[in-house]
Amino acid sequence: MTFKKSFFYTLFASLLFVGLASCEKEVNEDIITPAEAVKFATNNLTGTYSITNSATTQYVIPVGFTTVANFDRTVQLEYATTGGTVRGTHFNAPETLTIPAGQATANLVIVGNYSAFPAGVAETLTVKVKGGDAAVAPYNNTYTLKMQKYCDVDINAFTGTYTAQDYYDNAPDGGPYQVTITPGTATGTTGFVTMSGLWGVATPEVKINMDWTDASAFKTSIPTAPWYTHATYGQVTIKANGNGTFSSCNNTITINYEATVTAGSFGKYRTVLTK
């Protein structure tokens, strides 16, 4: 064998050895197992609950662990409200939830008490995972639930004599007085009533549009229309100043509006109507 061939074979064998050595897979023997944690088993951490007069009314939130175990485990929960409702009186929910053996999650069931829940109150309930048989996860540990009592809307229930209280800049403007509400018509989830006596003006009546498409946010609005003729400033026009609210449980109505004339505005008002 010549020197050139011998050198070539030696070089080829060396490169082949290096190539095989470089193809060897590096094995990492340190296997990292995430620590077990407890959390809400959903990425949607907000919800709306309309409490109806039904035996099946409830709201369900999945809660659980990041692992499965062959024994029962518990989750500790805490609750806070902003609207004055009380757990055990206005709604029921457990402080401790058991996750059965062989499962990672279970359902937290919140049940509103229809008869005790105050009408017209839009409650915000904050539920937090407090602890349990594992550390609380640093994520998905707080759930915010909007709760409100829901009564079927009957436009004909909004009728008769109401007590009106006007507000200007969030302060009472004068004392309470009487107005008369007359039901109009309803189609689907919208309807209207008319009111005489606002500010002591009997005619023309003021139309109040009502919308209950969103069960958690009933709305009123005042359509722009000529109202009455002022002795000094002439024609007064009434129009909406944002939306108001109403309750089909106690038939209260709140309207937000502005009264204008050619020369300017009498101001932006809120009037609360109670039966």
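Because the model is predicted, local features are described only where pLDDT is at least 70 and side-chain atom pairs count only at pLDDT 80 or more, whereas totals for chains, interfaces and linings use all residues. Residues are numbered from 1 along each chain as its sequence is written, and side-chain values use heavy atoms, with hydrogens and water left out.

The secondary structure of the chain comes to one helix and 21 strands, where helices (H or I, at least four residues) and strands (E, at least two) are DSSP runs numbered from the N terminus. Of the 275 residues in the chain, 33% are buried; buried stands for under 20% relative accessible area, exposed for over 50%, and partly exposed for what lies in between, with a 1.4 Å probe and protein chains only. The chain exposes about 15500 Å², of which carbon and sulfur atoms supply 53%, the areas coming from the Shrake-Rupley method with a 1.4 Å probe, and with only the protein chains shown counting as cover for residues. Among contacts (heavy atoms within 4.5 Å) between residues at least 6 apart in sequence, 56% join residues at least 24 apart.

Five strands form an open sheet of mixed pairing, in the order E5-E7-E3-E1-E9; two strands pair if DSSP finds at least two bridges between them. Its edges are strand E5 (91-92) and strand E9 (135-136), each of which pairs on one side only. Within this sheet, strand E3 (residues 59-65) and strand E7 (residues 105-112) run antiparallel to each other over six bridges, and Pro62 has Asn107 in E7 as its bridge partner.

Strand E1 (residues 37-40) of the sheet contains Val38, which counts as buried because its relative accessibility is 0%. Leaving aside neighbours within four places in sequence, Val38 is in contact with Gly64, Phe65, Val75, Val129, Gly131, Ala134, Ala135, Val136 and Ala137. The C-alpha atoms of Val38 and Thr66 are separated by 6.4 Å, although these residues are 28 residues apart along the chain.

A parallel pairing over six bridges joins strand E2 (residues 46-51) to strand E10 (residues 142-149), with Lys149 in E10 as the bridge partner of Ile51.

In soluble globular proteins, nonpolar side chains tend to be buried together. A nonpolar core is here a set of buried Ala, Val, Leu, Ile, Met, Phe, Trp, Tyr and Cys residues joined through side-chain atoms within 4.5 Å. The largest such core has 30 residues, and those with the most contacts inside it are Met195, Ile208, Met210, Trp227, Ile253 and Leu273. Among the elements that give two or more residues to this core are strand E11 (160-168), strand E13 (177-187) and strand E20 (253-261), and E20 supplies the largest share, five residues. Apart from this core lies another, of 26 residues, among them Phe40, Phe91, Leu108 and Leu145.

Trp227 also belongs to one aromatic cluster with Tyr168, Trp199, Tyr228, Tyr257 and Tyr269. Rings of Phe, Tyr and Trp (its six-membered ring) pair if their centres lie within 6.5 Å, with planes under 30 degrees apart counted as stacked, over 60 as edge-to-face and the rest as tilted; by this rule there are 14 aromatic pairs. The rings of Trp199 and Tyr269 have their centres 5.0 Å apart and their planes at 75°, so this pair is edge-to-face. Trp199 sits in the loop between strand E14 (190-196) and strand E15 (206-211), and Tyr269 in strand E21 (residues 264-274), 70 residues apart. Trp199 is partly exposed, at 26% relative accessibility, while Tyr269 is buried, at 12%.

Thr224 has its place in the loop between strand E16 (219-221) and E17, and it counts as exposed because its relative accessible area is 58%. Not counting residues up to four places away in sequence, Thr224 touches Thr237, Ile238 and Lys239; from Ile238 it is 14 residues apart in sequence and 5.7 Å apart in space, C-alpha to C-alpha.
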